[in-house]
Amino acid sequence: TGTGVPVPGKVRFEDCSYTRGSDAKLGSNGWSVRTGGGAPGVAGATWSKGAVTFPTDPANAGNRVLQLAASTSGTGAGTVQSEMNTTAKKFFAGTYAARVFFNDAPASGADGDAINQTFFTITPLRYDDDPIYSELDFEYLPNGGWGAKVPTMYLTSWYSYHNSPAWGGDRVSGEVGRSLQGWHDLVIHVSGGTVTYFIDGAKVFSSNGRYYPRQT
């Protein structure tokens, strides 16, 4: 156990005992807070360390939780987004899990924006259609999107993608079309050539073949 430090048996547990997105301990424990631009995200938006906070867990005063916030004035320049990653973006066989609180409505202001709340594993894309690229996604769109009209969780296993001449990629997806407001346990189990996605212990999607991670 401990703040992000690997322990015997190649198990890593994170208890989020930090103070803010600029906390130096994040880097020491293998985390980075996104500040750069580019995709994915709203064009012209800011990725802010200030939008990453660690408030006290309302259910247990002895705990802290990681909170990722986003805000917008309706323009790209007036939009702030947040993301936290591991510094070593390499994932292969194993079990990846997070307990996540999803919000269907904003804390203030009008609802309706195409918000994407995610938990994912990803490896570096060296070039377009990189054959060893791998990405496994939980992506929750509370206001719908990508063809869905209702709150939808997309489960996606990627083989690779390209940015030019136009964005596209080779992937397979499943979806859960219902509200997931509140706390949920998300698990990706990668073993024996099969990737399996679970929400609150229930299997919701699986992939195999070329959609199994290849980069270690």
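Here are some notes on the structure above, point by point.

1. **Ground rules.** This is a predicted model, where local features need pLDDT of at least 70, side-chain atom pairs count only at pLDDT 80 or more, and totals for chains, interfaces and linings use all residues. Residues are numbered from 1 along each chain as its sequence is written, and side-chain values use heavy atoms, with hydrogens and water left out. Helices (H or I, at least four residues) and strands (E, at least two) are DSSP runs, numbered from the N terminus.

2. **Strand β10, a covered one.** How many of the residues of β10 are buried? That would be 7 of 7, where buried means under 20% relative accessible area, exposed means over 50%, and partly exposed is in between (1.4 Å probe, protein chains only). In a regular strand the side chains alternate between the two faces of the sheet. Here Glu135, Asp137, Glu139 and Leu141 point one way, while Leu136, Phe138 and Tyr140 point the other way, and all are buried.

3. **Who sits beside β10?** Strands count as paired if DSSP finds at least two bridges between them. On that rule, β10 pairs with β9 in the antiparallel sense over 6 bridges; Thr118 stands opposite Glu139 in β10. β10 is also joined to β11 by 7 bridges, again antiparallel, and there Leu141 stands opposite Thr152 in β11.

4. **Aromatic pairs.** A pair of aromatic rings is described by the distance of the centres and the angle of the planes. The cut-offs: rings of Phe, Tyr and Trp (its six-membered ring) pair if their centres lie within 6.5 Å, and planes under 30 degrees apart count as stacked, over 60 as edge-to-face and the rest as tilted. The structure holds 12 such pairs. Take Tyr133 and Tyr161: their ring centres are 5.2 Å apart and their planes at 70°, so this pair is edge-to-face.

5. Trp158 is buried, with a relative accessible area of 9%, and the value for Tyr161 is 18%. Elsewhere, ring pairs link Phe119, Phe138, Tyr197 and Phe205 into a cluster.

6. **Arginines over rings.** A charge sits over a ring if NZ of Lys or CZ of Arg is within 6 Å of the ring centre and within 35 degrees of the ring normal. The charged end of Arg34 does this with Trp47, 3.8 Å from the ring centre. The charged end of Arg210 sits over the ring of Tyr159, 3.8 Å from its centre.

7. Side chains of opposite charge can pair when their charged atoms come close. The term salt bridge here needs a side-chain nitrogen of Lys or Arg within 4 Å of a carboxyl oxygen of Asp or Glu. The structure holds 4 of these. One joins Glu83 to Arg34, with the closest N and O atoms 3.5 Å apart. Glu83 is in the loop between β6 and β7, and Arg34 in the loop between β1 (31-33) and β2 (46-47), 49 residues apart. Glu83 is buried at 15%, and Arg34 is buried at 12%. The side chain of Glu83 also makes a polar contact of 3.0 Å with that of Asn85 (a pair of N or O atoms within 3.5 Å; within protein, one must be able to donate a hydrogen and the other to accept it, and residues adjacent in sequence count only if both atoms are side-chain atoms).

8. Asp185 meets Arg99, the closest N and O atoms being 2.9 Å apart. This links strand β13 (residues 182-191) to strand β8 (residues 94-102), with Asp185 and Arg99 86 residues apart. Asp185 counts as partly exposed at 34% relative accessibility, whereas Arg99 is exposed at 51%. Asp130 and Arg126 also form a salt bridge (2.8 Å, N to O), and Asp130 is buried, with a relative accessible area of 0%.
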